[in-house]
Amino acid sequence: MRRVRYESTGGPLFLEEAPLPVPGPGELLVRTEAIGVTLPVVRKVTEAAEPIPLGGEIAGEVAAVGHGVTRFRAGERVTGLCFGHGYADFAVLQEGVASPVPDSASAVDAVALVRSGLVALGALDAARPEPGEAALITAAASGVGHLAVQLARARGAGRVVGAVSDPVKGDFVRALGADKVITYDRLDRPGWGDPVDYVLDAVGGELLTPAVAALVPGGRLVAYSSGGGTIQAYDLLVGAKSVIGFQMARIARGRPELYERWRQELWRLFAEGALKPAVHGEFALTDTAEAHQAIESRSNLGKVVLRP
């Protein structure tokens, strides 16, 4: 089988022939049909001290199951997060993080919806939103952000503001249900808009300070970015504001019942037409570098997907 690998920080990425994986206890071997590209994986390629397996969201057909697997059989369609080599023709998926794909959804739909949707829904839940509250969502055109905009609206947000890196993304984000779209350079200027009750932040870094400033007294910022950054304690104290860190891996490994409940809610909203994943582009495994560039340049509108 083919898989994508790299040998030093920053790449280059290349295709190699590799042995077919053997699923261990509690694991599924999946013939991949769609693979999601995420910013954390792109950053690991460019920043990690040592090369790592390129994992991430996958969707496809179960080819074989390991000992003890009870929920899935060969031939069934699944999606989930691969912790090993996911950029490949075949990948191993742990049963506990696998989700069945309904007949009404394609493999691309599943990759665009489930993992990114779980992050978006989990971050939204962490913000403890109340009906009618105002939300600010950064990276609003990204794979996670474009779903977060729709989910905030579906959960009863009174006003949704999308923050983006480039004004050309404005029409796309407004079509998702955002009432207003701003660029990051406007967020720290007076008059950008009324304060918001909560922020879902996927950017981090220098954007954290203006994002906290955008909150009403008592507002909440949920940080789920791998971009780092710092916040001054005084900025929180003066407005009784709070910052909450959210990591999907902790939920997937430690709260399987919550993970499953969120998955079911995503598929329900998808079936009802209230949640529509958008795909920026589909790339062949041979074009993985181009797919990474679309993420790195922040040019994507929705999800970037690899197709073996």
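Reply: Begin with contacts, meaning heavy atoms within 4.5 Å: leaving aside its neighbours within four places in sequence, Leu147 is in contact with Ala112, Leu113, Ser116, Gly117, Ala120, Leu275, Lys276 and Pro277. Keep in mind that this is a predicted model, in which local features need pLDDT of at least 70, side-chain atom pairs count only at pLDDT 80 or more, and totals for chains, interfaces and linings use all residues. Residues are numbered from 1 along each chain as its sequence is written, and side-chain values use heavy atoms, with hydrogens and water left out.

Me: Is Leu147 buried or exposed, and in which helix is Leu147 found?

Reply: Leu147 is buried, since its relative accessible area is 0% (buried is under 20%, exposed over 50%, partly exposed in between, with a 1.4 Å probe and protein chains only). Leu147 belongs to helix α3, residues 145–154, where a helix is a DSSP run of H or I with at least four residues, numbered from the N terminus.

Me: At what angle do α1 and α10 pack?

Reply: Helix α1 (39–47) packs against helix α10 (residues 288–296) at an angle of about 105°, and their axes are 10 Å apart. That makes α1 roughly perpendicular to α10, a term for angles of 65 to 115 degrees. On the α1 side the contact is made by Leu39, Val42, Val45 and Thr46, and on the α10 side by His292, Ile295 and Glu296.

Conventions
Helices (H or I, at least four residues) and strands (E, at least two) are DSSP runs, numbered from the N terminus. Axes are lines fitted to C-alpha atoms, for helices over the stretch in contact, and angles run from 0 to 180 degrees between N-to-C directions. Angles under 35 degrees count as roughly parallel, over 145 as roughly antiparallel, 65 to 115 as roughly perpendicular and the rest as oblique.
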